[in-house]
Amino acid sequence: MKIAAGKSILDRIGIGKIRIYKAPSYEISDRTVKDPEAELKRFDAALQKAIGQQDILYEKAKAEVGEENAEIFEAHRMMLEDEDLQGVTREIIREKKKSAEFAVKTAFDTYAQFFAELEDPYMQARSVDLIDIGNTVLDILTGSDPGSIQGTEPCILVADDLTPSETVRLDKSLLLGIITREGSANSHTAILARSMNLPALIQCRDVDDSWDGRMAILDGYNGCVYIDPDPDLLESMKKKYDAVLKEDELLQELRGRTGTTIDGRRIIIAANIGGPSDLGSVLANDAEGVGLFRSEFLYLNSKGEPTEEQQFAAYRRVVETLAPALVIMRTCDLGADKTVDYLNLEEEENPALGFRAIRICLTRKDFFKKQLRAMLRASAYGSMGIMFPMITSRWEVIEAKKILEECKEELRREGHRIGNFQTGIMVETPAAVFVADDLAEEVDFFSIGTNDLLQYTCAIDRQNEKLERFTDMHHPAVLRAIKMTVDAGHRHGIWVGICGELGADPALTETFLRMGVDELSVNAGSVLPLRRLVRSLDLSGAPEWSPEEV
Amino acid sequence: MKEIKFKVTDPLGIHARPAGILVKDAKKFNSKITVWKGDKSCDLRKLLALMGLSVRQNDEIVVQVEGDDEAACAEMIEKYLKENF
């Protein structure tokens, strides 16, 4: 038995025979042709076909790994359409009277080499793209089928590296796992593995051609692969593998069900997302809508302030895709640890207690209005909640709502459609907890942000390792604050959810139910396990949660 | 002739996909468009050449637009650069 280590992408196991995947390395002979015109025609036909294939790959990738990750194929198409690249290729055919294959190989390789020699690591990586698109054209010219390399048996695929095209072309139903010598956590392979729940090992330096056809176990839990595993190990890993599969099946059975306890208490379990690229995981995990859409992604990924149109497009995509499920969008929570240059924020002594979130938005009204307008316009496409973060006082909510009202008026005058939406706030400061009764009169819902609530209530910076001993995630003060917030909300007839990390803590699910929490918003992967837990609980006869318990 | 000076703030510099869209948009105009980084230059209508300039974050570029529709063309390019890079 041999063991090779790598970086694991998922806690999963793959067991099966290895297949070494080798991209065809084209041995193209330096052949002179008699009829360059005919070669030019062959090249043009192959080029057009390759360009068309990029659109197909784009659609396939979009379905498998989401739109953001499919965009590489748009870039590929644009590169294939490049006049210089085409010009160089045609010149080799026309002037040097070479075959279309030789011309493509020479021209694309030259460009790949050029990019590989640039200093910028991003541009160096584009070298792979040129080889990728060059191979696509060569596949067409030589009539070879790139799909055949994978074989027809289920296998653990082992490769030096996989290009985006190769990854997308793979027949996923035959994949037991993927191992690559290269690759990064953000590579196409890793993204695919995560969205398809496929065990994968990257940066496995010991990958060897002699592994081909041998039995192997990909152990994602321990980040290694066993080649020719000992019978005992194989036996125990098979058991573990079966358990994982069974767990998957059990969770899948929960799809379409609700989070309802045996005695009939219902709790909504929604997902937290960071942008449209997370939509796939929301759907895959059957979340009941989105309880927290962190709208910062647009601001953090952009070098200038995102325009109203850019924001509208992103918000609309999420709301429209998940309709009629509710999507709660938090207005931008910038400042503190999340800063962007274009806001020109001054350095602060105490950023966590400083100019952030709603405080920036109420100070820079034009900036705020742009986002509110985009959200309001998106509300016409589904079911939406707009939520303000970092609230401490009633006047802040009143002022934010007034600005929202202004935006509504403007949009109506401009002829835009606006849908129905709820308005809510994050309860994440002790101040908000203490004045929750006042705040509840202003809004339709509360969502408790437990991360900041813990930080502000206990005066604990969770990034600070020295404070580990003093940090209690289940601190009685935090649990009591949650209960106070729920009670205040219910006194005024509004719903109360939890969108911080604590929401996903299974040790607290029963507590939250007994407190009367209406909704939990958690990372998508926790939705089904939590749903199962809720469905297994019987709270008939259980007393209402009381602060004396902690 | 119109001239645009621009400092790139995007951490990836002028990268493939947005550059491709810019190239496509630029093809709708007649004007000759030249991008300069230091003493190196290229035609903005050519994606790989533009990527080959290897424009990185904090690099300054100068775009020269010359032709009958230079005003509209320069305006489009300036707006696009500001929004995307």
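Biologist: What share of the contacts in chain B with a separation of 6 or more comes from residues 24 or more positions apart?
Modeller: This is a predicted model: local features need pLDDT of at least 70, side-chain atom pairs count only at pLDDT 80 or more, and totals for chains, interfaces and linings use all residues. Two residues are in contact if their C-beta atoms, placed from the backbone, lie within 7 Å. Take the chain B contacts with a separation of 6 or more; the share from residues 24 or more positions apart is 69%.

Biologist: Which element of chain B has the highest mean pLDDT?
Modeller: pLDDT is the predictor's confidence in each residue, from 0 to 100. Chain B averages 89, and 100% of its residues reach 70 or more. Among its elements, helix α1 (residues 16-26) of chain B is lowest at 86, and the highest, at 93, is strand β2 (residues 32-37) of chain B.

Biologist: Which helix gives the largest share of the side of chain A that touches chain B?
Modeller: Here 21 residues of chain A are in contact with 19 residues of chain B. On the chain A side, α2 (67-80), α3 (83-96), α4 (100-116) and α5 (121-142) each supply at least two residues. The largest share is five residues, and it comes from α2(A).

Biologist: How far apart are the end C-alpha atoms of α2(A)?
Modeller: The expected span of a helix is 1.5 Å times one less than its number of residues. α2(A) has 14 residues, so it should span 20 Å. The model agrees, with its end C-alpha atoms apart by 20 Å.

Biologist: Is Arg266(A) buried or exposed?
Modeller: Arg266(A) is in the loop between α8 (231-253) and β9 (268-273) of chain A. A residue is buried if 20 or more other C-beta atoms lie within 10 Å of its own, exposed if 12 or fewer, and partly exposed in between; C-beta atoms are placed from the backbone. Arg266(A) has 11 such neighbours, so it counts as exposed.

Biologist: Which strands stand at the edges of the eight-stranded open sheet in chain A?
Modeller: Two strands pair if DSSP finds at least two bridges between them. The order is β1-β8-β7-β3-β4-β5-β6-β2 (chain A), with mixed pairing. Two strands have a single partner each, so one side of each is left without a neighbour in the sheet: β1 (2-5) and β2 (7-8) of chain A.

Biologist: What is the bridge partner of Ile20(A) in β4(A)?
Modeller: Strand β3 (residues 13-20) and strand β4 (residues 155-159) of chain A pair in the parallel sense over three bridges. In β4(A), the partner of Ile20(A) is Val158(A).

Biologist: At about what angle does α8(A) run to β3(A)?
Modeller: Axes are lines fitted to C-alpha atoms, for helices over the stretch in contact, and angles run from 0 to 180 degrees between N-to-C directions. α8(A) lies across β3, β7 (215-219) and β8 (224-227) of chain A. Its angle to β3(A) is about 115°.

Conventions. Residues are numbered from 1 along each chain as its sequence is written. Chains are lettered from A and ligands numbered from 1 in the order in which they are written. Helices (H or I, at least four residues) and strands (E, at least two) are DSSP runs, numbered from the N terminus.
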